[in-house]
Amino acid sequence: MDEADASAGGDPASRRGRPHRRRGPDDMPIEEMAEALKERVYATFTGLAIVLVQHENAEHLTAGRATLTLLVGIVAITAAGFVADVISHLVVHADFPRGGELRRMLRVAGSALGSASIPLVILVLAVLGVFELKGALFASSIVYIVTLALIGYVAVRRSRLAWWEQVVALGLLVLLGLAVVGLQQLAHGH
């Protein structure tokens, strides 16, 4: 929105001299929503790699160990995202983040923790003996794959591409996702 639009009765915040920030459906700034989604996708790929590697080695694991490994892995990627934000803020602004900016960074990083909620519940049920570990790890991998597929589908559907370009874009996202999972598997020697 330009100044003429603001003075002509556009956004009320802009008329009061405050910059306009697009908001998402949860009244979160759109940029913060994008950052949170990015962290969630990173954590989802990480969680998927962890459960796939554990699935291949399930006969050598206990359900408790598998659950703890997934929890630690997701907390680690969350912490890494937060530290990366703090470092980049320090480099760009020559100061540590404070107040609202620090809270924003914590919210964005913390959003990655949600990616493990359903897989962790499934693995805890395996700890309690409701599921066999191998089946719980397989179910967790399906949850992660469906999550990534839904995110990709929503992203492509929200685009302004023609229907056939959306199909191509979704296909490319699937191929890229498979490449990422393949590289993560290769990194773990499987």
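What volume does the second largest pocket have? In this predicted model, the second largest pocket has a volume of about 430 Å³. Rolling a probe the size of a water molecule over the atoms shows where empty space is left. The lining of this pocket comprises 18 residues, and those nearest its centre are Phe45, Leu148, Leu173, Val174 and Gly177. Two or more lining residues come from each of helix H3 (30–56), helix H7 (133–158) and helix H8 (163–187). Of the contributing elements, H8 gives the most, with eight residues.

Helix H7 contains Tyr153, which counts as partly exposed because its relative accessibility is 42%. Tyr153 and Leu170 are separated by 17 residues in sequence, while their C-alpha atoms are 6.6 Å apart in space.

The discussion now turns to charged side chains. Side chains of opposite charge can pair when their charged atoms come close. The structure holds four salt bridges. One of them joins the side chains of Glu32 and Arg107, with an N to O distance of 2.7 Å. Because Glu32 lies in helix H3 and Arg107 in helix H5 (residues 99–110), this pair ties together parts that are 75 residues apart in sequence. Glu32 has a relative accessible area of 4% and is therefore buried, whereas Arg107, at 45% relative accessibility, counts as partly exposed.

A salt bridge also links Arg104 with Glu101, whose closest N and O atoms are 2.6 Å apart. Both residues lie in helix H5, three residues apart, which is about one turn of the helix. At 14% relative accessibility, Arg104 falls under the 20% limit and so counts as buried; Glu101, with a relative accessible area of 30%, is partly exposed. Glu35, Glu101 and Arg104 are linked in a network of salt bridges.

Arg98 and Asp95 form a further salt bridge, in which the closest N and O atoms are 2.7 Å apart. Arg98 is exposed, with a relative accessible area of 55%, and Asp95 is partly exposed, with 36%.

Key:
Residues are numbered from 1 along each chain as its sequence is written. This is a predicted model: local features need pLDDT of at least 70, side-chain atom pairs count only at pLDDT 80 or more; totals for chains, interfaces and linings use all residues. Side-chain values use heavy atoms; hydrogens and water are left out. On a 1 Å grid over the protein atoms alone, a cavity is a set of points where a 1.4 Å probe fits but cannot get out, and a pocket is an open set with protein on both sides within 12 Å along at least five of seven lines; lining residues have an atom within 4 Å of a point. Grid points are joined across faces, edges and corners, and a volume is the space filled by probe spheres set on the points. Helices (H or I, at least four residues) and strands (E, at least two) are DSSP runs, numbered from the N terminus. Buried means under 20% relative accessible area, exposed over 50%, partly exposed in between (1.4 Å probe, protein chains only).
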